[in-house]
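Subject: Structure for your review

Dear colleague,

I am handing over the structure below, together with an account of what was found in it. Please read the account with the model open beside you.

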Amino acid sequence: MEQMSFGDLLYTDMQPLAERLRPRTLDEFVGQKHLLGPGKVLRKMIESDQVSSMIFWSPPGSGKTSLARIIAGHTKAAFIDFSAVTSGIKEIRQVMQQAEQNRQFGERTIVFVDEIHRFNKAQQDAFLPFVEKGSIILIGATTENPSFEVNGALLSRCKVFVLHALSTEELVEIISRALKDPRGFGSQKIEMEPDMPELIANFANGDARAALSTLEMVILNGEIDGAVVRVSRETLEQCISKKSLLYDKKGEEHYNLISALHKSMRNSDPDAAVYWLARMLEAGEDPLYVARRIVRFASEDVGLADPQALPQAVAAYQACHYLGMPECNVHLTQAVVYLSLAPKSNALYVAYGEAREDAQRQLAEPVPLVIRNGVTQLMRDEKYGEGYQYAHDTEEKLTNMQCLPDSLLGREYYRPAGQGAERDYKDRLEKIKEWKTERN
């Protein structure tokens with residue numbers, strides 16, 4: 001074993017905590033149990049050294065590069081670490097030439113491309129012939145949807161593994177290890193409040209690198225008392241530019257705040273709604289969680305009173321997904337204000353609730369024969385689809401055909417509230433019902 005020089009030791013000590021604590025084995029790796037748990041496909045591939053071309057897609061700090069390094073440690077193939085940020089066509093060709101030489105000598109070559117989405121089409125195409133003939137096994141890592149950012153031809157030759165953002169519990173495990181591991185702060189005595197790791201984990205929002213960087217910052221800014229480093233809540237708040245807004249994302253305050261946001265929008269109070277939105281985002285809440293709740297609100301509390309409510313909410317969710325915080329705070333604000341001012345209707349929410357109760361009580365109700373699809377002769381012999389009326393063949397685009405089961409005939413679920421655009425839907429529905437009543 002080669003002995004480390006003083007310069008090596010100094011360099012290692014100067015590395016960021018996240019780099020020093022990078023997992024070296026699958027057993028040290030935290031998270032992604034759906035891929036790396038016992039018996040899972042990716043774990044088997046790594047342990048048996050049977051890795052094929054693949055793409056890791058996930059949010060930042062969820063373990064893509066660490067997995068690639070673990071594969072490098074397990075494989076008997078040549079491993080080339082390649083960055084899309086600093087490399088171009090010339091560098092790709094040099095690497096491919098080396099890989100082709102390795103292949104001629106019977107050696108496999110694994111090429112890891114970090115941030116592969118940064119390569120343009122021509123650069124990605126340069127990999128394709130070498131992947132096709134087996135000169136290289138390509139492992140790409142991306143934070144962007146590979147369906148849009150990786151060429152179709154290249155993507156079709158790679159297995160896509162989706163890594164999830166780390167949970168609060170998994171980040172707490174990583175932070176706790178950093179406090180004990182000699183590569184981290186295991187050789188120092190650190191004193192902090194018991195809930196501090198969880199507060200840091202909440203702030204990191206699924207990103208292990210962010211969690212470890214924050215931990216390193218608060219410890220380096222802690223109060224030194226002899227051999228002890230004391231980290232206070234105030235130090236944490238200063239380091240992450242938060243005041244007393246930190247809160248447990250799974251605790252009561254989390255649900256109190258989302259409830260306050262929802263009810264303020266329902267009460268058409270945009271000022272209160274924007275305040276509660278800011279309280280959540282500035283406390284480190286996941287913007288996608290807030291965006292999901294806003295999308296739900298758009299149909300539950302506005303619905304067809306304003307048909308643009310749902311597109312507005314979905315657009316805000318997409319903006320949050322593309323940009324993240326802090327840029328997406330203005331998109332969420334736009335959606336929150338729009339929904340606060342929109343006319344309100346819970347008719348869709350009520351309609352589904354009542355239909356669900358009937359469906360649960362009468363799960364075996366047969367579909368009326370007239371609206372069954374008679375695709376075989378036997379079905380047609382059993383009168384499937386007999387008497388079906390095609391609405392488009394009529395002048396009014398309406399028929400008086402029965403579509404509900406006999407036991408539910410006449411049941412009404414959707415009752416428009418008459419707010420905003422739903423007034424028009426209400427009038428239309430009343431005319432449809434009148435027309436059907438006359439013909440029945």
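**The loop between helix 21 and helix 22**

Y390 lies in the loop between helix 21 (377-381) and helix 22 (422-439), where helices (H or I, at least four residues) and strands (E, at least two) are DSSP runs numbered from the N terminus. Before going further, please note that this is a predicted model, in which local features need pLDDT of at least 70 and side-chain atom pairs count only at pLDDT 80 or more, while totals for chains, interfaces and linings use all residues. Residues are numbered from 1 along each chain as its sequence is written, and side-chain values use heavy atoms, with hydrogens and water left out.

Y390 has a relative accessible area of 43% and is therefore partly exposed; buried means under 20% relative accessible area, exposed over 50%, and partly exposed in between, with a 1.4 Å probe and protein chains only. Together with V367, I371 and Y388, Y390 forms a nonpolar patch on the surface, with about 370 Å² of accessible area in total. Patches are made of residues with over 30% relative accessible area and no salt bridge, like charges being joined within 9 Å and nonpolar side chains (Val, Leu, Ile, Met, Phe, Trp, Tyr) within 5 Å; the accessible areas come from the Shrake-Rupley method with a 1.4 Å probe, and for residues only the protein chains shown count as cover.

A391 is found in the loop between helix 21 and helix 22 as well, and at 26% relative accessibility A391 counts as partly exposed. Leaving aside neighbours within four places in sequence, A391 is in contact (heavy atoms within 4.5 Å) with K397, L398 and T399. The C-alpha atoms of A391 and M401, which are ten residues apart along the chain, are separated by 9.4 Å.

**Salt bridges**

A salt bridge is taken here as a side-chain nitrogen of Lys or Arg within 4 Å of a carboxyl oxygen of Asp or Glu, and by this rule the count comes to 26 salt bridges. R415 forms one of them with E354, the closest N and O atoms being 2.7 Å apart. This pair links distant parts of the chain, since R415 is in the loop between helix 21 and helix 22 and E354 is in helix 20 (residues 347-361), 61 residues apart. R415 is partly exposed, with a relative accessible area of 38%. Elsewhere, salt bridges that share partners join E19, R22, R69 and D81 into one network.

The side chains of K121 and D125 also meet in a salt bridge (3.0 Å, N to O); because K121 and D125 are four residues apart in helix 7 (residues 121-125), about one helical turn separates them. In the salt bridge between E28 and R24 (2.7 Å, N to O), E28 counts as buried at 18% relative accessibility, whereas R24 is exposed, with a relative accessible area of 51%.

**Strands**

Strands are said to pair if DSSP finds at least two bridges between them. Strand 4 (residues 137-142) has six of its six residues buried, with I137, I139 and A141 on one side and L138, G140 and T142 on the other. Strand 1 (residues 54-57) runs parallel to strand 4 and is joined to it by four bridges, I55 standing opposite G140. Strand 3 and strand 4 are likewise parallel, over five bridges, and the bridge partner of V111 in strand 4 is L138.

Strand 2 (residues 78-83) has a covered face, A78, I80 and F82, and an uncovered one, F79, D81 and S83. Strand 2 pairs with strand 3 (residues 109-114) in the parallel sense over six bridges, and S83 has D114 as its bridge partner.

**Nonpolar cores**

A nonpolar core is a set of buried Ala, Val, Leu, Ile, Met, Phe, Trp, Tyr and Cys residues joined through side-chain atoms within 4.5 Å. The largest has 28 residues, and those with the most contacts inside it are L171, I200, L215, V218, I219 and V231. Helix 13 (208-220) is among the elements that give two or more residues to this core, and its six residues are the largest share. Not counting residues up to four places away in sequence, L215 touches L17, I175, A178, L179, M192 and I200. A second, separate core of 26 residues includes I258, I294, V302 and A313.

With best regards
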